[in-house]
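Here is a short note to read alongside the model. Please keep the 3D view open as you go through the points.

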Amino acid sequence: MAAASAFNEYVPEGHRPTDFLPGARGAQILGAIRAVARTGEGRGVEEGLDFPNGEFHLEVGLSPVRDENGVIDAVLGVVHDVSERVSSARALRESEQSLR
């Protein structure tokens, strides 16, 4: 478990989620990365972000990466833009509410 503890302060590419996500959002992703490193269990996080050109929703899948000895030495994060799905679900809910 020492490797997972040492990993807690590491984020690939030299950046932490808090470098590009404000406040609690970055802390949530960083906490999820640390939990994957500590437990060895993958997890997913979904985040909504507001930018000047619109709102984006991202799904982040996190998985442990183990070395040849089974020790976790990284966490792989895959980001998928789910904005269209979220927007469609919202439009459907609003449409259903207007019909009531």
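1. Let's start with R66: setting aside neighbours within four places in sequence, R66 is in contact (heavy atoms within 4.5 Å) with G40, V71, I72 and D73. A word on the basis: this is a predicted model, where local features need pLDDT of at least 70, side-chain atom pairs count only at pLDDT 80 or more, and totals for chains, interfaces and linings use all residues. Residues are numbered from 1 along each chain as its sequence is written, and side-chain values use heavy atoms, leaving out hydrogens and water.

2. R66 belongs to strand β2 (residues 54–66); strands are DSSP runs of E, at least two residues, and helices are runs of H or I, at least four, numbered from the N terminus. Its side chain reaches the backbone oxygen of G70 at 3.0 Å. R66 has a relative accessible area of 44%, so R66 is partly exposed (between buried, under 20%, and exposed, over 50%, with a 1.4 Å probe and protein chains only).

3. How many salt bridges does the structure hold? There are three, a salt bridge being a side-chain nitrogen of Lys or Arg within 4 Å of a carboxyl oxygen of Asp or Glu.

4. One of them joins E46 and R85 at 2.9 Å, N to O. E46 sits in strand β1 (residues 43–51) and R85 in helix α4 (residues 83–98), 39 residues apart.

5. R85 also meets E59 in a salt bridge, at 3.7 Å. E59 lies in strand β2, and E46, E59 and R85 are linked in a network of salt bridges.

6. E55 pairs with R90 in a salt bridge, with the closest N and O atoms 3.2 Å apart. This pair connects strand β2 and helix α4, 35 residues apart.

How values were computed. A polar contact is a pair of N or O atoms within 3.5 Å; within protein, one must be able to donate a hydrogen and the other to accept it, and residues adjacent in sequence count only if both atoms are side-chain atoms.
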